[in-house]
Amino acid sequence: APFTIEAYEKIMSSYLWRSVTRNDGPTSETGFALLASKITFSITGFMDLSDYGVDAGYGDQSFEFTELDLGLTYEDKWGDLMYQVGIKHYLFPNKFTPLNAKGRFSNDSTTELNFLVGYDVFLKPSLLVSVDIDESQGIYMELGASHSFTKKFWNIPTRINIGGGLG
């Protein structure tokens with residue numbers, strides 16, 4: 001096939017991004033991806049499933065998208081060595097700004113360049129380096145491991161991913 005479309009849904013007990021708590025309550029992550037050969041375009045949305053924003057000073061954001069991520073990634077392999085280069089733009093459409101807030105707590109968007117290198121063996125160890133070229137102009141690094149397998153449920157091919165990271 002010339003391209004593939006993927007969709008996924010995650011329900012998380014809380015949401016951390018770059019080691020910062022974005023929501024200490026239940027959060028939904030919904031994503032879609034268009035994969036064409038070695039290039040992927042993705043869109044991901046994060047929705048607050050609680051009134052966490054009230055106590056955090058943002059106001060009630062229950063069942064509103066508080067983050068949308070747009071990504072474009074090139075991915076390839078050289079033997080068992082995997083590598084990715086990508087750009088991701090983060091939008092915060094409903095993240096209310098606390099009084100006198102600056103930086104990552106404002107409604108501003110930001111953009112990152114992402115570089116990943118990994119090894120295609122069991123648990124797929126990897127190193128991700130993200131460089132913010134917009135808002136914070138900082139660098140984030142993460143060591144990761146993951147494993148995925150494909151299973152058919154009701155004759156629908158489904159991929160299950162298990163992974164973790166230390167950043």
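Two strands pair if DSSP finds at least two bridges between them. Strands themselves are DSSP runs (E, at least two residues), numbered from the N terminus. With that in hand, start the tour.

This is a predicted model, where local features need pLDDT of at least 70, side-chain atom pairs count only at pLDDT 80 or more, and totals for chains, interfaces and linings use all residues. Residues are numbered from 1 along each chain as its sequence is written, and side-chain values use heavy atoms, with hydrogens and water left out.

**Stop 1: the sheet**

Colour the strands. Nine of them form an open sheet, in the order β1-β4-β5-β6-β7-β8-β9-β10-β11. The pairing is antiparallel. Now select residues 4-12 and 156-166. These are β1 and β11, the edge strands, and each pairs on one side only. Turn the view along the sheet. From one strand to the next, the twist averages 25°. For such angles, axes are lines fitted to C-alpha atoms, and values run from 0 to 180 degrees between N-to-C directions.

**Stop 2**

Select β5 (residues 39-48) and β6 (residues 65-78). They run antiparallel, joined by nine bridges. Pick I39, then look across to β6: its bridge partner there is Y74.

Click K77 and find its partner in β7, which is M82. Then go to the turn. Which residue in this hairpin takes a positive phi? G79 does, with a value near 65°. The hairpin has two residues between the strands.

Move on to β8 (110-119). β7 and β8 are antiparallel too, and ten bridges pair them. Select G86 and look opposite: N114 in β8 stands there.

**Stop 3: two loops**

Select S37. This residue lies in the loop between β4 (27-36) and β5. Is S37 buried or exposed? With a relative accessible area of 73%, S37 is exposed. The cut-offs are these: buried means under 20% relative accessible area, exposed over 50%, and partly exposed in between (1.4 Å probe, protein chains only).

Now jump to K124, in the loop between β8 and β9 (126-132). K124 is another non-glycine residue with a positive phi, here near 35°. Its relative accessible area is 26%, so K124 counts as partly exposed.

**Stop 4: aromatic rings**

Show the side chains of Phe, Tyr and Trp. Their rings (for Trp, the six-membered ring) pair if the centres lie within 6.5 Å; planes under 30 degrees apart count as stacked, over 60 as edge-to-face and the rest as tilted. How many aromatic pairs does this rule give? The count is two.

Zoom to Y15 and F46. This pair is stacked, at 4.4 Å centre to centre with 10° between the planes. Y15 sits in strand β2 (residues 15-17) and F46 in β5, so the pair ties together parts that are 31 residues apart in sequence. Y15 is buried, at 9% relative accessibility. F46 is buried as well, at 5%.

Finish at F153 and W154. Their ring centres are 6.4 Å apart and their planes stand at 50°, so this pair is tilted. F153 is partly exposed, with a relative accessible area of 35%. W154 counts as exposed, at 80%.

Terms used:
Helix = DSSP H or I, 4+ residues; strand = E, 2+ residues; numbered from the N terminus.
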